[in-house]
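Below is a short note on one model, for a colleague who wants the points in order.

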Amino acid sequence: MKTGLCIDARFRDHVAPAGHPERAARLDTIEAALRAAGVVERGVRAAARPATRAELERAHDPRYLDALDAQLAGGAGWLDPDTYFSPGTREAMLLAAGAAIDLATAVADGALDDGIAFVRPPGHHATSDQAMGFCLINNVAVAAAALRARGKRVAIVDYDVHHGNGTEEIFWEAPEVLYVSVHQFPYYPGTGRVCDVGGALARGCTLNVPLPAQSGDGAYLAAFREVVAPAVVRFAPDVTLVSAGFDAHESDPLASMRVSDAGFAHITRILLDAAGGRLAAILEGGYDGDALGRCALAATRALLRDELPALAPAPPTREEREAIAAAARLHAEAIAAWADRALRETGDFKRAAVQGERQK
């Protein structure tokens, strides 16, 4: 099996103001953990190259890209109260997007079986026309759009503790892309309601599993086994992309979830199996240094097919179980409504059944 690993020193050129949680030391911690465990040598090193303007425009409004270039030319400053830029930000963000595209493409082409790219700045909050939440360019969305342009079906699974509002917005009306998010709710950025299931052209292609604060391994594994993995399998993507944010960890300072290192290993393996092995993960959040390194290592080892660590979580609470059940129910209802609309519009029972099955 060939697992790609993208680790590039140039991502550190996006230099954070003092005290900002999204800083270059995050990558130092990850690389140190991977090297100490000897896993870097086991992967196929993937180089980063800058994304082109045409590649970015598949996911972002050209006017936004023009405005962003003009702002970044100022050297250093803030795009919003959370999102900064430095003299090295433009190159780093283009490299992050390019790394995501190339990793996803290599998996789609069979050059790699799977892989993970430890990039920064992160991307899943960046909408088609706005930077926010530490994110300037939506790396996963740009990669998914590149695959979509080649006629590929793509599933995106986002387990960052924050809902990926940008990714959802970009693919809200895209029936070729399944977007799934498991996140703390209510929480920043305030989106990701369980009833948000996609636009009129893509009902059921958005699946939100909002979990209450303090949810841990038991709730997450139930959500991934019972709702997320079946949705990915039914969608039958050519490639599954993962917004791999590790800020749902029990030690993370920016959230209130209780996932363990071992929990992330098991989540990764569940997704790898659901994807049929064709999976590309892209780093998003994770802000406790030591925990981030351990979680990145756990996910990488899961991709390398190492033995999973033992895990015996407490079962989901009633509130957690109700949240998971609601997500499953509303997703099923959205799929049924979509298939019914296809039948009414086409009058073709066979076509509606096929389309409905692909959506399921």
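1. About 40 Å³ of space lies in the second largest cavity; a cavity is a set of points, on a 1 Å grid over the protein atoms alone, where a 1.4 Å probe fits but cannot get out. Volume here is the space filled by probe spheres set on the points, which are joined across faces, edges and corners. The model is predicted, with pLDDT of at least 70 needed for local features and 80 or more for side-chain atom pairs, while totals for chains, interfaces and linings use all residues. Residues are numbered from 1 along each chain as its sequence is written, and side-chain values use heavy atoms, without hydrogens and water.

2. Ile7, Arg12, Leu27, Ile30, Glu31 and Phe118 line the second largest cavity (lining residues have an atom within 4 Å of a point). Its lining has 4 nonpolar, no polar and 2 charged residues.

3. The largest cavity has a volume of about 50 Å³. Its lining includes Ile116, Tyr159 and Thr268, and counts 8 nonpolar, 1 polar and no charged residues.

4. Strand 1 (residues 3-6) points Thr3 and Leu5 one way and Gly4 and Cys6 the other, all of them buried (under 20% relative accessible area, 1.4 Å probe, protein chains only). Strands are DSSP runs of E, at least two residues, numbered from the N terminus.

5. Strand 1 pairs in the parallel sense with strand 5 (residues 114-117) over 4 bridges; pairing requires at least two DSSP bridges. Cys6 stands opposite Ala117 in strand 5. With strand 2 (residues 44-45), strand 1 pairs in the parallel sense over 2 bridges, and Gly4 has Val44 as its bridge partner there.

Notes:
Buried means under 20% relative accessible area, exposed over 50%, partly exposed in between (1.4 Å probe, protein chains only). On a 1 Å grid over the protein atoms alone, a cavity is a set of points where a 1.4 Å probe fits but cannot get out, and a pocket is an open set with protein on both sides within 12 Å along at least five of seven lines; lining residues have an atom within 4 Å of a point. Ala, Val, Leu, Ile, Met, Phe, Trp, Tyr, Cys and Pro count as nonpolar, Asp, Glu, Lys and Arg as charged, and the others, Gly among them, as polar.
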